[in-house]
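Subject: Structure handover and notes

Hello,

Please find the structure below, for your files. My notes on it come after.

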Amino acid sequence: MLIGFVAGEASGDLLAAPVITALRDRLPDVQCAGIAGDRMIEAGASAWWHVRELSVRGYAEVLRELPRLLQLRSALRERLLAERPAAVVGVDSPDFNLRLEMQLRAAGVPTVHYVSPSIWAWRPKRIEKVRRAAERVLLVFPFEQKIYDEAGIAATYVGHPLASIIPSRADAAAARVRLGLARDEPVVALLPGSRRAEVQFIGPAFVEAALLMLRREPRLRFVLPVAEPRLREFLGPALASAGAAAGRISLVDGRSHDCLEAADGVLVASGTATLETALFGKPMVIAYRMPAASYWIMRQMGTVTFVGLPNILAGEALVPELIQGEATPQRLADELLAMLDDRPRCEQLRERFAAMHESLRRDTPRLAAEAIMATINR
């Protein structure tokens, strides 16, 4: 039995890998193949293409890469139709996956979409596209179940896998040992994102904010996980201009969870990392920058007030969000230091994040695998 998986970015790789493991535990002869990342490959999937080939963000960037992406999707569709899998699971990346799923489903291939598009945040009309694309949707946020039930679309809340992967209680001391950091120094994690465009637009501002914070708090240590070595080039000029202070900023290859667990506070780019930061119970300032054209388009289609997942899930501004021109190094530094200086506020955030963690924790791999198997059997 072959089950196709299509992950479009690093977060999709993280989501899909434990589901592949759960499927292989239940179906020892199953083969999983498609577009996969390193974690999926380690779980036993075959990568016809690597997830890196789809990791593009923002309208301007997608337009530049569109011919290549369309060609890749066409080649993937033809291979899946030739292989006739028992089902195909599109993991997030709705702009790429929903069209593919519609074509496969029309050809008789059962389809599952894992992670609902953010129809509650922007482009709400996409739910009709989801209806045509997926026989079942696997939901990662509890409030989404009502939306799909009211729309009459088969959906299963499986919880967010990160809520099971990330421990309920962070062990900052152990994480600092793993990273080679002193236990008694305050630590700030800088997470500018995992894609080139993200690091290019916000990474230097994070480094400059770190230097401003050092002027006020010289004991601070900073850790900045770099998803891929090639992304270091976008941080180089800012670090070079820092002089001796650059020694207080450690670039770490990957290991973003270690960096988050070790931190007292976090500067984080909008995206899945904001949820990871909340699940580790860390005070944060959320920031984002993108090309002006991409931001204008997203603003026209948006339907929610917030961009960070912790604020969206809470329905209120738990933590600051600095977007586009507001995301200056000075504002970033000021907001995070003010938060870290306010201990009652930090404790209140930890309590709210702990409740959020509990609401998202389920046996996600088992629930997702069972929903996929039920779709195949039907």
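This is a predicted model: local features need pLDDT of at least 70, side-chain atom pairs count only at pLDDT 80 or more; totals for chains, interfaces and linings use all residues.

Residues are numbered from 1 along each chain as its sequence is written, and side-chain values use heavy atoms, with hydrogens and water left out.

**The second largest pocket**

The second largest pocket holds about 400 Å³ of space. Grid points are joined across faces, edges and corners, and the volume is the space filled by probe spheres set on the points. Lining residues have an atom within 4 Å of a point. There are 17 of them in the second largest pocket, and Pro186, Asp264, Leu340, Asp341 and Arg343 are the closest to its centre. The elements that give two or more residues to this lining are α15 (329–341) and α16 (343–360). Helices (H or I, at least four residues) and strands (E, at least two) are DSSP runs, numbered from the N terminus. By type, the lining has 9 nonpolar residues, 1 polar and 7 charged. Here Ala, Val, Leu, Ile, Met, Phe, Trp, Tyr, Cys and Pro count as nonpolar, Asp, Glu, Lys and Arg as charged, and the others, Gly among them, as polar.

The 13 residues of α15 should span 18 Å at 1.5 Å a residue, and its end C-alpha atoms are 18 Å apart, which agrees. The expected span is 1.5 Å times one less than the number of residues. Buried residues of α15 are Pro329, Leu332, Ala333, Leu336, Leu337 and Met339, where buried means under 20% relative accessible area, exposed over 50% and partly exposed in between (1.4 Å probe, protein chains only). Down the axis of α15 these buried residues fall within an arc of 160 degrees, so they line one face of the helix; the arc is that of the directions from the helix axis to the C-beta atoms. Their cover includes β8 (187–191), α9 (196–216), β11 (265–269), β12 (284–288), β13 (321–323) and α16, with contact taken as heavy atoms within 4.5 Å.

In α5 (residues 126–133), Arg126, Ile127, Val130 and Ala133 are buried. Their arc, seen down the axis of α5, is within 120 degrees, so they too line one face of the helix. Among the elements covering them are α4 (94–106), β5 (111–114), β6 (136–139) and α6 (144–151).

α4 itself has 13 residues and reaches 17 Å from first C-alpha to last, close to the 18 Å expected at 1.5 Å a residue. Its buried residues are Pro94, Phe96, Asn97, Leu98, Leu100, Glu101, Met102 and Leu104. Gly108 follows α4 and has a positive phi, near 95 degrees.

Most residues other than glycine have a negative phi. Asp92 has a positive phi, near 55 degrees; Asp92 lies in the loop between β4 (87–91) and α4 and is buried, at 17% relative accessible area. Gln324 also has a positive phi, of about 50 degrees. Gln324 lies in the loop between β13 and α15 and counts as buried at 16%.

**Other single residues**

Arg221 is in strand β9 (residues 221–226) and is buried at 16% relative accessibility. Leaving aside neighbours within four places in sequence, Arg221 is in contact with Leu181, Glu185, Pro186, Val187, Val188, Gly247, Arg248 and Ser250. Ala182, in the loop between α8 (172–179) and β8, is partly exposed at 33%. Ala182 and Arg221 are 39 residues apart in sequence and 9.1 Å apart in space, C-alpha to C-alpha.

Asp253 is in strand β10 (residues 249–253) and is partly exposed at 48%. With neighbours within four places in sequence left aside, Asp253 is in contact with Val226 and Arg232.

Ala278, in helix α12 (residues 272–279), is buried at 1% relative accessible area. Not counting residues up to four places away in sequence, Ala278 touches Met284, Pro310, Phe353 and Met356.

Regards

Methods:
On a 1 Å grid over the protein atoms alone, a cavity is a set of points where a 1.4 Å probe fits but cannot get out, and a pocket is an open set with protein on both sides within 12 Å along at least five of seven lines; lining residues have an atom within 4 Å of a point.
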